[in-house]
Amino acid sequence: MARLTILEYPDPRLRTRATPVTVFDAALSALVDDLFETMYAAPGIGLAASQVNVHKRLIVIDVSENHDAPRVFVNPEILSKEGAAVGEEGCLSVPNIFDKVPRAQRIRVRSQDRTGAVVEEDLEGLLAVCLQHEMDHLEGKLFVDYLSDLKRERIRKKLEKERRERAARPAAAAAGATTAL
Ligand code: NI
C-alpha cells in the first residue's frame with residue numbers, strides 16, 4: 001500500500017477525461033487499495049483515480065464515520081436521476097474550499113467492482129452526491145466549475161498564494177537555522 005500524491009486545482013491534468021477500465025487484475029486491486037489509503041489519510045470521503053493522475057474510470061468512496069463502508073465504483077454510469085440535493089461540497093483537489101453544488105438526490109447506478117462484477121443499485125443522500133462529484137472528476141470536471149467565474153478565479157488565486165507560501169516556508173526555516181548556528 002502507498003499514499004499517492006493528490007493533484008490540486010488548477011493543475012491541468014485534472015482536466016483529463018478518464019478512459020474505461022478493461023483489465024481487472026492484481027495491479028487494479030493494488031491501485032484501489034492505494035486510493036483508499038490516500039483518501040483516508042487526507043482525510044476525505046471520496047477519491048477518483050483522476051485526482052492521483054491515473055486517468056482510468058475508477059472511484060473509491062467511504063461516507064461512514066468509522067471508515068468501515070468502503071465502496072469501489074469502476075466504470076460507473078448513472079442510469080437515472082431523481083430529486084434535487086444542494087449541499088456544501090469540498091474536494092481534496094481544491095483544499096479548504098466549500099460551496100453549494102446542485103446534484104440529484106437519488107441515482108440509479110451501474111458499475112463494476114474490483115473483480116469486474118457488474119452491480120446495479122439505487123443510491124441516495126450523501127453517497128449519491130459524493131458519487132456524482134467523483135464522476136465529474138472522470139470527465140475532467142471540478143465542483144468549482146459550478147460556481148461563478150468570479151468565485152472560481154478568487155479560489156484559484158487563494159490556492160496559488162497558499163502554495164507559494166508553502167513552498168517558501170522550508171527555505172525560510174533553513175535560513176533561520178543558519179542564523180541561529
Ligand atoms: Ni473532488
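Which residue in β7 does Ser111 stand opposite?

A: Ser111 stands opposite Val119 in β7. This is a predicted model, in which local features need pLDDT of at least 70 and side-chain atom pairs count only at pLDDT 80 or more, while totals for chains, interfaces and linings use all residues. Residues are numbered from 1 along each chain as its sequence is written, and side-chain values use heavy atoms, with hydrogens and water left out.

Ser111 and Val119 face each other in a pairing where strand β6, residues 106-112, runs antiparallel to strand β7, residues 118-124. Strands here are DSSP runs of E with at least two residues, helices are runs of H or I with at least four, and both are numbered from the N terminus. Seven bridges join β6 to β7; at least two are needed for strands to pair. The two strands form a hairpin, with five residues between them. Gly116 sits in the turn and has a positive phi of about 100°.

Arg106 forms it with Glu82, and their closest N and O atoms are 3.0 Å apart. Because Arg106 lies in strand β6 and Glu82 in strand β3, this pair ties together parts that are 24 residues apart in sequence. A salt bridge needs a side-chain nitrogen of Lys or Arg within 4 Å of a carboxyl oxygen of Asp or Glu. Arg106 is partly exposed, at 33% relative accessibility, and so is Glu82, at 48%. Buried means under 20% relative accessible area and exposed over 50%, with partly exposed in between (1.4 Å probe, protein chains only).

Another pair links β4 and β5. Arg103 forms a salt bridge with Glu89, and the closest N and O atoms are 2.8 Å apart. Arg103 belongs to strand β5 (residues 94-103) and Glu89 to strand β4, so this bridge ties together parts that are 14 residues apart in sequence. Arg103 and Glu89 are buried. Salt bridges that share partners also join Glu77, Arg108, Arg110, Glu120 and Asp122 into one network.

The nickel ion has as protein donors Cys91 through SG, His133 through NE2 and His137 through NE2, at 2.1 to 2.2 Å. Donors are N, O and S atoms within 2.8 Å of the metal (3.2 Å for Na, K and Ca), and sites may look incomplete since water is not among the atoms. The spacing of the donor residues in sequence is C-x41-H-x3-H. Cys91 in strand β4 (residues 85-91) and His133 in helix α2 (residues 125-138) are 42 residues apart, and this pair links distant parts of the chain. Cys91 and His133 are buried.

The structure holds 22 salt bridges in total. Arg15 is partly exposed, with a relative accessible area of 37%, and Asp145 is partly exposed with 26%.
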